[in-house]
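Trainee: Could we go through this structure together? I would like to begin with its charged pairs.

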Amino acid sequence: MAGLILRRVLLAIPLLLGVSTLTFLLLEAAPGKPIDYLLGDRPVPEETRARIEAAYGLDRPAWARYATWIGHAATGDLGWSLSRGRPVSRVLADALPPTLGLAALALAIQLALGVALGALHVARPRSSADHALTLVGVTLASAPPFWLALMAILLFAVAVPLFPPSSSHAIGASSWPWPARAVDAVWHAALPALVLGLGSAGIVARFVRAGLLRSLGEGFVRAARARGGTRARIVLLHAGPAAAPPVVTLVGLQLPVLVSGALVIEVVFGWPGMGRVAYDAVMAQDLPVALASVLLATVLVVAGSLGADLAQAALDPRLRGRG
């Protein structure tokens, strides 16, 4: 187990370097310059412009700026945000909790719906209900997130005003007692989390269906059935655990997908998270914030993959010795 963790950490180093380098090259190739965003449309003398560029290091060659950023990032210093005028680490520290909270709620919705739909699939496999659920799952998985978000706002915030259409809290919520603030936060997060989790629920349902159908044909399940076990007991105690490892792997990989996929959802719902910060950084050509956001998303991908492998090894003892 320790060998697996060490190998993943070592493999993550070139991955992080490659992703950050590619992100830097793409941002450098984009039209416009960060100094233009800083100065805006105001007429500024060339001498003042040159001093501002020198103060932020924007007058240096691209490779020198990137090498400096990489060196500082290796020591934990992610630089200074050009557009927000704050340390990048503080910008990310403020944006990460709302995104993780939204992703956790979306993951819970995705798992609950995915497992429930997968169980309904195997209740009557290859029946008309099975085919209808397949059609619903594929439709949800293939629908663009921004379209789902707009439809959800139209249905549940405008036509039937059950949830707020945007923001992460009500006006004046900061002065409320913490139980009221917690309820208000969940109420505001419900609609974006539902949109974020719905698409992936169809994929989880397909994995649950395939795993359960395969497990129900195994010898140990037939033996349990011969001993008089009910179908619900066989699915819950025998076929379900045997079908869990692929679903656990999928869930581990879905967490970083949910975090990075929240970009569109956060922009549509005005949610103050990582996706909104990354979007604003790219639009403002705020290189330190954009690079740090991508770096953090890559770390989450590696951590999610490693967590899935560790959970799979915990569920299947045969995998523990493979390290």
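Trainee: Which kind of contact do the side chains of Arg86 and Asp94 make?
Mentor: They meet in a salt bridge, with an N to O distance of 2.7 Å. Please keep in mind that this is a predicted model.

Trainee: Are Arg86 and Asp94 buried or partly exposed?
Mentor: Arg86 is partly exposed, at a relative accessible area of 27%. Asp94 is partly exposed as well, at 47%.

Trainee: How many salt bridges does the structure hold?
Mentor: There are six. One of them joins Arg84 to Asp280, whose closest N and O atoms are 3.4 Å apart.

Trainee: Where do Arg84 and Asp280 sit in the chain?
Mentor: Arg84 is in the loop between α4 (62-74) and α5 (88-123), while Asp280 belongs to helix α11 (residues 274-283). The pair links distant parts of the chain, 196 residues apart.

Trainee: Which other residue forms a salt bridge with Asp280?
Mentor: Arg276 does, and the closest N and O atoms of that pair are 3.6 Å apart. Both residues lie in helix α11, four residues apart, which is about one turn of the helix.

Trainee: Changing topic, which residues form a nonpolar patch on the surface?
Mentor: Leu6, Leu10, Ile13 and Leu17 do, with about 380 Å² of accessible area together. Of these, Leu10 is placed in helix α1 (residues 2-29).

Methods
Residues are numbered from 1 along each chain as its sequence is written. This is a predicted model: local features need pLDDT of at least 70, side-chain atom pairs count only at pLDDT 80 or more; totals for chains, interfaces and linings use all residues. Side-chain values use heavy atoms; hydrogens and water are left out. Patches are made of residues with over 30% relative accessible area and no salt bridge: like charges are joined within 9 Å, nonpolar side chains (Val, Leu, Ile, Met, Phe, Trp, Tyr) within 5 Å. Accessible areas come from the Shrake-Rupley method with a 1.4 Å probe; for residues, only the protein chains shown count as cover. A salt bridge is a side-chain nitrogen of Lys or Arg within 4 Å of a carboxyl oxygen of Asp or Glu. Helices (H or I, at least four residues) and strands (E, at least two) are DSSP runs, numbered from the N terminus. Buried means under 20% relative accessible area, exposed over 50%, partly exposed in between (1.4 Å probe, protein chains only).
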